[in-house]
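Please open the structure in your viewer and keep the selection tool at hand.

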Amino acid sequence: MINIIVACDQNKLIGKNGKLPWDIKEDWDYFLKTTQKGILIMGRHCYDEFEDHAKNRDVIALSRNSDHTFPYAHKASNLAESLKMAGDFSGKTIWICGGRGIYEEALPLADRMYLTEINAEYSGNIYFPAWEKHFRKEVFSESLQTDSVELTFRILSK
Ligand SMILES: NC(=O)c1ccc[n+]([C@@H]2O[C@H](COP(=O)([O-])OP(=O)(O)OC[C@H]3O[C@@H](n4cnc5c(N)ncnc54)[C@H](OP(=O)(O)O)[C@@H]3O)[C@@H](O)[C@H]2O)c1
């Protein structure tokens, strides 16, 4: 099973200068818990942000630079190679964790998308691509009001 996991604000914003545009504990806890037992695939910038957590997880990080190494992740030079490597981890769920280009390439390939909608507007520079034509069915939706914002945790399928 290949799943995309992403959190977006009302404008599909996902990133700001290499970091998340927000600091929402409930969103981050959901991400860590949901992906805990799977294989995480992510781009080099996402890995840089995630590195502390990568020590305890199965992570495949992507870079086209043949000299680049990731201390706590396996390395792949394209998405197809990372999916092939992930397939060798005996049936674990594969989680596509971004960033933008990797999400775009994975949208047609993924079985499900775990989308957290953040009911607010933030500033930033990285946006999630249009996904609506790839995931037409909602299989789960639950909202949570935090101290600062409303979150809707959605699971979508093809
Ligand atoms: N809200 C969310 O759920 C969420 C999720 C993920 C990320 N984010 C945010 O998004 C931002 C990071 O995303 P990003 O799009 O800027 O960067 P990214 O995808 O994490 O990293 C980009 C780099 O990854 C490598 N890469 C990307 N696609 C590749 C491919 N197909 N094959 C081989 N290498 C590939 C390249 O590294 P080289 O230059 O070394 O070749 C590229 O420069 C951060 O701000 C992060 O916080 C948010």
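**Stop one: the cysteines**

A search of the whole structure finds 0 disulfides, a disulfide being a pair of cysteine sulfur atoms within 2.5 Å. The model is a predicted one, in which local features need pLDDT of at least 70 and side-chain atom pairs count only at pLDDT 80 or more, while totals for chains, interfaces and linings use all residues. Residues are numbered from 1 along each chain as its sequence is written, and side-chain values use heavy atoms, with hydrogens and water left out.

Select cysteine 46, whose nearest cysteine sulfur, that of cysteine 97, is 7.6 Å away. Cysteine 97 counts as buried because its relative accessibility is 9%, where buried means under 20% relative accessible area, exposed over 50% and partly exposed in between (1.4 Å probe, protein chains only).

**Stop two: the largest nonpolar core**

Next select Ile4, Val6, Ile41, Ile96, Met113 and Phe128, which touch the most other members of the 26-residue largest nonpolar core. Such a core is a set of buried Ala, Val, Leu, Ile, Met, Phe, Trp, Tyr and Cys residues joined through side-chain atoms within 4.5 Å. The largest share of this core, 4 residues, comes from β1; strands are DSSP runs of E, at least two residues, and helices are runs of H or I, at least four, numbered from the N terminus.

Now centre on methionine 113, which, leaving aside residues up to four places away in sequence, touches Leu107, Trp131 and Arg154, among others; contact means heavy atoms within 4.5 Å. A second, separate core of 25 residues includes Ile24, Trp95, Ile118 and Leu151.
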